[in-house]
Amino acid sequence: MALLTVTDLTKDFGGLRAVAHFSFAVEPGEILGLIGPNGAGKTTVFNLITGFLRPTSGQILLEGRSVVGLRPHAVTRRGIARTFQLVKPFPKLSVRENVTLAAFSRLPARRDAEAEAGRMLESVGLADKLESPAADLTLAEQKRLEMARALATRPKLLLLDEPMGGLNPREVDQASALVKRIRDDGVTVVLVEHVMKAIMRISDRVVVIHHGEKIADDAPDRVVRDPGVIAAYLGTRVA
Amino acid sequence: MTRAAAAAGVLLLMLAPPLLTGNQFFLHLGITVLLWTLLGVAWNLLGGFAGQVSFGHAAFFGVGAYTTMILYLKGGLAPWYGMILGGLVAVLVSLPIGLICFRLRGPYFSLSTLAVAEIVRLVALNWEGLTDGPVGLLITTLPQVSLGGRAVNWESKVPFYYIIATLAALAMAATWRLSRARLGAYLLAIREDEDAAEAVGIDTVRAKVVTLALSAFFTGLGGGFYGLYYRYVDPDAVFPIALSVEMVFIAVVGGLATVVGPVIGAVFLTTIGELFRERFLVGHLIFYGLFMMLAIRYLPEGIWGGARRAWTGRR
Amino acid sequence: METLLQSIVSGVLTGSLYAMIGVGLTVVFGVMRIINLAHGDLVMLGMYGAFWAHVLWRVDPFVSIVLWVPLMFLGGMVVYRFLLRAIIPGGELNTLLYTAGLSLLIANLALFTWTGDYRTIKLPYAVTPLRPFGIAVPIPLAIAFALAILITLALYVFLARTDVGRAIRATSQNPEAAALMGIDVERISMVTFGLGAALAGASGVLLGPSLYLYPTVGEILIAKCFVIVVLGGLGSVVGAIAGGLLLGLVESLGAVYVSVAYKDTIGFVIFLLVLRFRPSGLFGVGKS
């Protein structure tokens, strides 16, 4: 059974249809890339899945149970964690506290939650920054902090919104490796990304969204050759 | 260890004045400072920790005051029980307010609390059957109580001093406890970024509603005490916007999201205000406004926050 | 029928003054994202200005507007330049708290110097109202209404036709783009704050002869002002005018058809409903 099944998802903002009858499924253990031009509706899809927005219509099932209508914190507790396109750390709190807050969702005792936070930060390579305020980190570090924070909720499914946006090539490589390792540790990953090369390399499958509609859903090497995708989005220059 | 010593020291400082002086003005000053300590500490729970700046806490104060007075005058319930019930009624009032206002963020939240408080004030002003409207409610005598075989002298300020000192200490203890609990950590997360707080699994609405209820409880107790101490309430005295604003100022000037900050704020502002009022009768809030502006400009962490930073050395 | 007409007329007359207060607040919000909590106290200053001009110099309060408006304009610019400017980068809540401090300072300085006594401006021509078609129209309110329309029209022309006015509107719509186009946003903010203060002062002068004066009257005015600008959509001038008229009508009709006691409550309830369900305002022109 698919881990996440999205069926006929539609979202209207006033008169504007941001997402239109969008359907896709995420299989356990895969890395799924969700791509599309600016304003195609990628982040809206994430916001709909995680409860930050309520769908106009459509179904979202996690392991067969609907998550539509749940508030974001409840979705997180069901097992879907996310990061944000524009990073949202708790800027004045320490790096450790940032992640501890997320670990509280399963570990009510502070000592356990802090230990868990330490482990998560170790795994994303921030072990030497535990006591720094999150605001002092570089963008790349803040993105890793957000991943650690999401992982500390022990999700089944992790939604990453542009984890490589704004990073330099070396940092992109590190982030790619991290995403793969997260998957290898048993967390299913969906990522929205603009850094095309990276997404094509690490995704098992790619879904393309354009004007809120799905126009392709296939292996990366086939998606880049799909004439509809090329016309809509990739143009002729494909990595 | 040092914390226990500090707590004992604060307690001693709070309890000592009546033993040292019988001067009615100084006792009145002490009572006023402690009442505002209670209110500042209560406001700080929500406004400081959770960053939800309420301009409507006078609603809880007024509801607490009126509940105490009405239960005594019309139901014969001793005002000390009435005071606790006043706190609980303030909690009840806080629940719908929270559900309405917490949908909004930042300045919009602040404006909505102000509107709600105005609605509550207008209801108190016009529901004459219950509140006697603009005339207000007056208690002439307080019931007899004896403590350790001696009747409590309600004409003296000393019993009032100890009552309000106890309430303020309780509110401080609650703040200390909260700052160490998971809820306290959640509130800081909410203050920093509400979306991110939700995303890591924090039920932000619940955390805010619970904190508002706690804050309203202590504010309502304060209102009840006010009724007891002055033996008179009317809508202009217990529901004005200025009262809400004073609570905000005490917490901000003293230092947000700390246990001690609002205490410092209350001691500082109330003392200046009362001394000014003693001399000139009106306009004592000039200094509240002035120090608020100075604090925002030069000491955004408040007096206590600034002092603490100076103490630990600049980072 | 006559009651209905009478309350509509009173509602529109009062509403026009509400609108002017609201416009001052909303223009400032539009350009600087400041909710100026001291706006009601600036109105109060205008009211006292009219009062003292009448008592001390025997000047008709409405004539004194030519003195107070420029003074308030300058005062507003000074407040912006030397007080507010340094605060704005600290964020919306800090500015809100800062203007709350300013509000308390102004109101209590007034209380200290002018005492808390209720005062009225007694005008000989205020005694008998006009009675066109049997509807009572107090003369001071009629004059205020006419002047409010005149001032609002002048403001409209200023915003639409002059370079500074156009710069204000551009900054209001998009400060970054305005800065890129070479608009001196700092200067525009200063002028706008002056404009907001001048409008507050003008509304105060116009309201003076029709209301009781006391130093903390700003408290009630600012609360009404929020209702007005939120109804119309924060930042929208046209919205504030509509919101002001609407609140005036709601209050006067509410007083007759619902309850005199609860006429003010109705406004706040509408305010909460609008904030909750239509934060961009009833007319969908504001920005949320």
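A residue is buried if 20 or more other C-beta atoms lie within 10 Å of its own, exposed if 12 or fewer do, and partly exposed in between, with C-beta atoms placed from the backbone. This is a predicted model, in which local features need pLDDT of at least 70 and side-chain atom pairs count only at pLDDT 80 or more, while totals for chains, interfaces and linings use all residues. Residues are numbered from 1 along each chain as its sequence is written, and chains are lettered from A and ligands numbered from 1 in the order in which they are written.

Start with helix 1 of chain B. Helices (H or I, at least four residues) are DSSP runs, numbered from the N terminus. Of its 14 residues, the number buried is one, so helix 1 of chain B lies largely in the open.

Now chain A. A:V99 sits in helix 3 (residues 95-103) of chain A. A:V99 is buried, with 33 other C-beta atoms within 10 Å. Beyond its neighbours within four places in sequence, its contacts (C-beta atoms, placed from the backbone, within 7 Å) include A:A117, A:M120 and A:L121. A:D184 lies 85 residues away along the chain, and 21 Å separates the C-alpha atoms of A:V99 and A:D184.

Finally, the chains meet. The contact takes 19 residues from chain A and 15 residues from chain B. On the chain A side, helix 2 (72-78) and helix 3 each supply at least two residues.

Note on methods
Two residues are in contact if their C-beta atoms, placed from the backbone, lie within 7 Å.
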